[in-house]
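Colleague: I am new to this structure. Could you show me how to read its features, one by one?

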Amino acid sequence: MNISSAKTIVIKIGSSTLVDEKFDLREKWLKTLAQDIFDLQKKGKKVIVVSSGAVALGRKLYGKEKGKLKLEEKQALAAIGQPLLINSYNKFLSKKKLITAQILLTISDTENRRNYLNARNTFETLLKKNIIPIVNENDTVATEELRFGDNDRLSAFVAQMVSADLLIILSDVDGLYTDNPSKNKDAEHIASVEKIDAEIEKLASGSGSEIGSGGMITKIKAAQIASESGCSTIIASSKNNNSIANIFSGKAKYTLFKSTQNPEKARKTWILNSLVSKGKIYIDEGAEKALKSKKSLLAVGVKSVEGNFERGEKISIFSHDKKEIAKGITAYSSDDITHIKGKKSDEIEKILGFSGREAIIHVDDMVII
């Protein structure tokens with residue numbers, strides 16, 4: 001892909017990029033990152049930052065700058081360091097008149113359909129206003145069994161969630177090599193990867209080129225997750241200032257993992273094939289015409305509901321003559337739809353007692369069969 005054409009970009013920043021050996025913030029680097037993000041926004045790009053660093057920033061204040069940490073200690077340090085982390089981003093991005101927003105996720109938020117939909121809608125709302133979401137794993141509540149384990153994987157799930165077309169993982173190396181470049185001077189840099197296969201995974205697991213906790217293999221796994229959702233991935237070095245600008249200007253060396261499909265098509269495929277339908281909605285002729293014209297499904301066009309399902313689950317949509325015409329992710333439960341079917345969108349709040357989504361199923365969450 002031509003990376004300059006990317007519209008939504010997720011930037012993953014590791015602890016070793018953001019914090020130095022003394023657990024102090026690399027302020028000069030963060031200042032240049034703020035400039036890079038500002039420049040991307042000026043070009044019409046949507047930007048999300050997935051950032052580690054809370055635990056590292058919390059170490060100094062907690063008084064434990066050396067040694068391994070137990071899970072409960074990591075959670076305590078994350079609680080101390082997270083405000084420092086978000087305040088640091090806000091300090092430099094606000095100087096560019098950019099607004100930041102904090103989002104903390106656990107792996108269950110990507111697996112629970114309701115949580116997933118809530119998070120996705122939050123991202124979309126923030127990005128429409130050009131607000132920069134700063135994302136981290138919610139370490140204070142995540143257990144060992146429910147952790148992403150590294151923010152490489154988290155960044156890939158975020159890219160998948162927002163249908164991003166480019167994920168940039170900043171590391172202490174400038175991409176993938178045929179061997180460990182610190183041990184083998186003849187190791188060759190790999191500029192692009194068409195497909196992540198067993199051979200590529202073998203190179204990553206044996207490279208030993210990543211100092212951070214994730215390692216190169218986790219970055220390859222993240223690229224694989226992103227690729228399946230139509231998002232290409234770049235692994236690049238963050239050693240120099242203006243790391244992002246250097247990538248787009250061609251000054252930086254990196255490895256590009258190409259995706260073979262676009263994010264919209266990948267999401268539609270996921271909706272169609274990866275989820276089980278939990279119920280049925282029958283619609284009138286007017287709604288059927290609207291859906292086939294690439295419009296959302298509104299409550300006014302719903303005639304009846306079958307099944308018991310919750311918000312965020314996949315359901316099948318049937319025409320007035322009982323032919324299945326679409327599948328989609330519902331913004332309302334079966335019980336709520338039963339109460340608002342046939343009603344106009346501005347009547348929903350009065351009927352349900354809360355202000356929900358305008359559409360029962362948004363066009364972006366729907367596949368016409």
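This is a predicted model: local features need pLDDT of at least 70, side-chain atom pairs count only at pLDDT 80 or more; totals for chains, interfaces and linings use all residues.

Colleague: Which residues lie nearest the centre of the second largest pocket?

Modeller: They are Arg120, Glu124, Lys128, His362 and Asp364. The whole lining has 28 residues.

Colleague: Which element gives the largest share of that lining?

Modeller: Helix α6 does, with 8 residues. Helix α6 spans 113-128. Helix α11, spanning 263-273, also supplies at least two residues.

Colleague: How many of the lining residues are nonpolar, polar and charged?

Modeller: The lining of the second largest pocket has 13 charged, 9 nonpolar and 6 polar residues.

Colleague: Now the rings. What describes a pair of them?

Modeller: A pair of aromatic rings is described by the distance of the centres and the angle of the planes. In this model the count is 1 aromatic pair.

Colleague: Which residue lies over the face of Phe38?

Modeller: Lys96 does. Its distance from the ring centre is 5.8 Å.

Colleague: Next, the backbone. What should I expect of phi?

Modeller: Most residues other than glycine have a negative phi, and most peptide bonds are trans. Look at Lys97 and Asn242 with that in mind. Lys97 has a positive phi near 60°. Asn242, not a glycine either, has a positive phi of about 55°.

Colleague: Where does Lys97 lie?

Modeller: Lys97 is in the loop between α4 (71-94) and β3 (100-105). With a relative accessible area of 77%, Lys97 is exposed, because the cut-off for exposed is over 50%.

Colleague: And where does Asn242 lie?

Modeller: Asn242 sits in the loop between β9 (232-237) and α10 (243-249). Its relative accessible area is 27%, so Asn242 counts as partly exposed.

Colleague: What about a loop residue? Where is Val162 found?

Modeller: Val162 is in the loop between α7 (151-161) and β5 (166-171). Val162 counts as buried because its relative accessibility is 13%. Beyond its neighbours within four places in sequence, Val162 is in contact with Thr8, Val10, Ile48 and Phe123. Val162 and Ser182 are 20 residues apart in sequence, and their C-alpha atoms are 36 Å apart.

Colleague: You mentioned Thr8 as a contact of Val162. Is Thr8 buried or exposed?

Modeller: Thr8 is buried, with a relative accessible area of 14%. Thr8 lies in strand β1 (residues 8-13). Leaving aside neighbours within four places in sequence, its contacts are Lys46, Val162, Ala164, Asp165 and Leu166.

Colleague: Now the helices. Which helix holds Leu126?

Modeller: Leu126 is in α6, the helix with the largest share of the pocket lining discussed above. At 16% relative accessibility, Leu126 counts as buried. Not counting residues up to four places away in sequence, Leu126 touches Ala101, Ile103, Ile131 and Pro133.

Colleague: One last case. Where does Thr218 lie?

Modeller: Thr218 lies in helix α9 (residues 216-228). Thr218 is buried, with a relative accessible area of 14%. Apart from neighbours within four places in sequence, Thr218 is in contact with Asp150 and Asp152. Thr218 and Gly53 are 165 residues apart in sequence and 17 Å apart in space, C-alpha to C-alpha.

How values were computed. Residues are numbered from 1 along each chain as its sequence is written. Side-chain values use heavy atoms; hydrogens and water are left out. On a 1 Å grid over the protein atoms alone, a cavity is a set of points where a 1.4 Å probe fits but cannot get out, and a pocket is an open set with protein on both sides within 12 Å along at least five of seven lines; lining residues have an atom within 4 Å of a point. Helices (H or I, at least four residues) and strands (E, at least two) are DSSP runs, numbered from the N terminus. Ala, Val, Leu, Ile, Met, Phe, Trp, Tyr, Cys and Pro count as nonpolar, Asp, Glu, Lys and Arg as charged, and the others, Gly among them, as polar. Rings of Phe, Tyr and Trp (its six-membered ring) pair if their centres lie within 6.5 Å; planes under 30 degrees apart count as stacked, over 60 as edge-to-face and the rest as tilted. A charge sits over a ring if NZ of Lys or CZ of Arg is within 6 Å of the ring centre and within 35 degrees of the ring normal. Buried means under 20% relative accessible area, exposed over 50%, partly exposed in between (1.4 Å probe, protein chains only). Contact means heavy atoms within 4.5 Å.
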